[in-house]
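Please consider the sequence and the three-dimensional model shown here.

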Amino acid sequence: MNIESFRSYCLSLPGVEETMPWATGKNEHDRGLLCFSVAGKWFCVVHVDEFDFCLLKCPPEKAVELRENYEGIRPGWHMNKRHWNSVYFNSDVPEEEICNLVCLAYETVVAKLPRKVKEAIG
């Protein structure tokens, strides 16, 4: 998996938008962070240049289970560790599982959206 295929996969989900909120920031690392959101709520963050891991939103009980089952899944770096996981590429997490976790992150956010917003997304 590379950044372009990962990006395409995220953008294939209904209503997903991408932003680089710190593109003009002073911190060089932060300028490369790409955030995927639905209805303005983030579900995934990845660095476009380093592309070594992604941050994915996750239900707290599932987050703990994933961390116990995979060495390549750790508490979310610089995020609320209860609700976010760092999922490392080129680790013991299969590519298919990473895609499943992107969907889980997306669905976790969509589930909390108001009904009208969900209907507008499709």
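What follows leads from the sheet to its individual strands, and then to selected side chains and loops. The model is a predicted one.

Six strands make up an open sheet, with antiparallel pairing, and their order is β1-β2-β3-β4-β6-β5.

The pairings may be followed strand by strand. Strands β1 and β2 run antiparallel and are joined by four bridges; here T19 stands opposite C35 in β2. The antiparallel strands β2 and β3 are joined by six bridges, and V38 has K41 in β3 as its bridge partner. These two strands, β2 and β3, form a hairpin with two residues between them, and A39 in the turn has a positive phi of about 55°. Between β3 (residues 41-47) and β4 (residues 53-57), which also run antiparallel, there are three bridges. In this pairing V45 stands opposite L55 in β4.

Why is strand β2 described as largely enclosed by the rest of the structure? Six of the six residues of β2 (residues 33-38) are buried, so the strand is largely enclosed in this way. The side chains can be sorted by direction: L33, C35 and S37 point one way from β2, whereas L34, F36 and V38 point the other way, and all are buried.

Aromatic residues provide a further view of the model. There are eight aromatic pairs. In one of them, the ring centres of F43 and Y106 lie 5.6 Å apart with the planes at 80°, so the pair is edge-to-face. This pair links distant parts of the chain, since F43 belongs to strand β3 and Y106 to helix α4 (residues 95-111), 63 residues apart. Both F43 and Y106 are buried. Another aromatic pair, F53 with Y88, is tilted, with 4.9 Å from centre to centre and 35° between the planes. Because F53 lies in strand β4 and Y88 in strand β6, the pair ties together parts that are 35 residues apart in sequence. F53 has a relative accessibility of 15% and therefore counts as buried, the limit being under 20%. Y88 also has R74 lying over the face of its ring, at 4.3 Å from the ring centre. Elsewhere, F6, F36, F51 and F89 form one aromatic cluster; F36 is one of the buried residues of β2.

N85 is found in strand β6 (residues 84-88). Is N85 buried or exposed? N85 has a relative accessible area of 2% and is therefore buried. The side chain of N85 makes a polar contact with the side chain of R67, at 2.6 Å. Beyond residues up to four places away in sequence, N85 touches a set of residues that includes C54, L55, L56, R67, I73 and R74. L66 is also among the residues that N85 touches.

L66 is located in helix α3 (residues 60-69). With a relative accessibility of 3%, L66 counts as buried. Its neighbours within four places in sequence aside, L66 is in contact with C58, I73, N85, E97 and L101. By contrast, the C-alpha atoms of L66 and F36, which are 30 residues apart along the chain, are separated by 21 Å.

The last stop is a pair of loop residues. H78 lies in the loop between β5 and β6, and its phi is near 60°, a positive value in a residue other than glycine. With a relative accessible area of 63%, H78 is exposed. N90 lies in the loop between β6 and α4. The phi of N90 is near 55°, again a positive value in a residue other than glycine.

Technical notes: Residues are numbered from 1 along each chain as its sequence is written. This is a predicted model: local features need pLDDT of at least 70, side-chain atom pairs count only at pLDDT 80 or more; totals for chains, interfaces and linings use all residues. Side-chain values use heavy atoms; hydrogens and water are left out. Buried means under 20% relative accessible area, exposed over 50%, partly exposed in between (1.4 Å probe, protein chains only). A polar contact is a pair of N or O atoms within 3.5 Å; within protein, one must be able to donate a hydrogen and the other to accept it, and residues adjacent in sequence count only if both atoms are side-chain atoms. Contact means heavy atoms within 4.5 Å. Two strands pair if DSSP finds at least two bridges between them. Rings of Phe, Tyr and Trp (its six-membered ring) pair if their centres lie within 6.5 Å; planes under 30 degrees apart count as stacked, over 60 as edge-to-face and the rest as tilted. A charge sits over a ring if NZ of Lys or CZ of Arg is within 6 Å of the ring centre and within 35 degrees of the ring normal.
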